[in-house]
Structures are given as C-alpha cells and as structure tokens.
Amino acid sequence: MKNAALLTKHRKSHQLAPILYDIGIELVEIDFFDTDELGTFSGEIERKLSPKDCALIKAKKAVELTGLNLGLGSEGSFGGGPLAGFMNWNQEIICFYQKEPEVIVFAFAEGPTPLKSLKAESFDDLKQKLSSFDRQKWMLRCPDGILKGLSDKEVITIHQPPYTEWPVYLEPDFRAMNSPLRQIMLQKAALNLAERLQSKCPNCAEINFWPDGREFGPICELCGQPTNEVKALVSCCKSCGYSESELKKLNGNPTYCNYCNP
C-alpha cells in the first residue's frame, strides 16, 4: 500500500479515498494550507489560475508539506459546457503527482448539474425549491458579508415571515463537503484516476495510456465528404510516444456534414 497526501479544506477524501484504496493507494488528508488562497467559489478571492494549474499546485504542495512522494490535488469548476444557458456544467479535475521519478497524471469527470442560483418569490416557493436539493448547503449574500454552509432548515428559519422582503436569492455552496451532487462528480473523477493509473502503455508499461486524443472525419453517408464527428479515439504514451487508435465511427451522419448541412 502506497501513501499519498491529499491537500484539501473540504473533506474530499470521503469521495476519493475508498476508490483509490482499492488500487493500493491510501490517502493522508491534510488541511494546514489554505487552498482558498487560490480562489473561492463565492468570489472573495479571484481564481487567476486554470483548474489544471490549481490542481497541480495543490498536489505539489501536498508532497512538500508531508515529505511523501505522492500527492493529490483537486479542483472543480461550474459554468460553460455544451449546454451553456440551459443547464450548469460541473467539471472536476484531480491531479496525481509523483515527485521521484516525476509523474503527473490528470483525471477528469464532467457533466450537467441542476445546481444553480435560486430565486424565490414567496415563503412557500422557497420551501418548494429547496426541497429539490437534498442535503445541499447554500450561501446568502448580506450587506455585511456572505453566510455560507446554510442548510435548508437554516435558510427557512432566516426567512420566516413576516420579516423577509421577497424575492430572495440564494446561491449553492459548491464546496465539496456541502454539495452532494458535486460529490458524485468527484467520485467519477476518482474512478477515472484509478483507471488511468492502471492503464499501461503496451510498449513501455508507463501508466496513463488513455484515449485523450481524437481523430475527426468519418465519411458522410450521402456525399462522401468528411463530417465533424469523432472517427477514432487515440491513446498516446507520454513517455515513449507509442500510440494506438480505436475506431469509433466509420460512416458519418449527414447532419454533421458541412456540405450536406452547411
């Protein structure tokens, strides 16, 4: 069993540890570095680095603070995605960092999430909307600051009639320990990391032999021109350069053809 340090203030080991333990990695969670210095969801501290850079910094800092050879860092983001304007998008990135010899592996999970800011027009409307998000915690912006980590019961207590002015605006507390839906995505990212750490290059046996690459252009069934769809997934070893392609689609859909459907 190998030990790996996980740097987090938000108890992410609850989602990561059981999955990584199954492949021989035991997490040591440390919280004596303020990861909020790299940015906060609530916006008090601006995030100036990309999510990947933040995750890598956390993983390296975990190694530095503990003296272990393995470190993990995690970073989540909300917004954008292919459904922008219709549904919020959650992406989770986990960085696995080995100091000697240096190895860096990024794992990912992403998908739509119903989590978003809420607007309630009345007390009954507030209770109804909160009931859709089991165990989710909330943030409330006040003139003198931000109240964070509020349960639905606390939110309802604060807004008991007749003292509340409607409408009321709430924001999800996206921190991992306060967001069950985000916890599910973190577990998916941990599974992706476990798979990457066990997927080895057929040529040199280096880890993270994973189909991150894409080949486009299956031939349109109507006109024979390349479409904009994914034709094959490509795995390329970052150590020796060996690559393999897995064909996913040979015949293209005219819907994605620039000639048939410009």
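F133 counts as buried (under 20% relative accessible area, with a 1.4 Å probe and protein chains only; exposed is over 50%, and partly exposed lies in between), since its relative accessibility is 12%. W138, at 0% relative accessibility, is buried as well. The model is predicted, so that local features need pLDDT of at least 70 and side-chain atom pairs count only at pLDDT 80 or more, whereas totals for chains, interfaces and linings use all residues. Residues are numbered from 1 along each chain as its sequence is written, and side-chain values use heavy atoms, with hydrogens and water left out.

Three aromatic pairs are present in the structure, a pair being two rings of Phe, Tyr or Trp (its six-membered ring) with centres within 6.5 Å, stacked if the planes are under 30 degrees apart, edge-to-face if over 60 and tilted otherwise. In one of these pairs, the ring centres of F78 and F174 are 3.8 Å apart and the planes meet at 20°, so the arrangement is stacked. Because F78 belongs to strand 3 (residues 70-78) and F174 to the loop between strand 9 (168-172) and helix 5 (180-198), this pair ties together parts that are 96 residues apart in sequence; strands (E, at least two residues) and helices (H or I, at least four) are DSSP runs numbered from the N terminus. F174 is buried, its relative accessible area being 11%. F133 and W138 form an edge-to-face pair, with 5.6 Å from centre to centre and 80° between the planes.

Within helix 1, the residues S13, Q15, L16, I19 and L20 are buried. Viewed down the helix axis, the buried residues of helix 1 fall within an arc of 160° (taken from the directions from the axis to the C-beta atoms), so they line one face of the helix. Their cover includes strand 1, strand 2, strand 3, strand 4 and helix 5.

Technical notes. Contact = heavy atoms within 4.5 Å.
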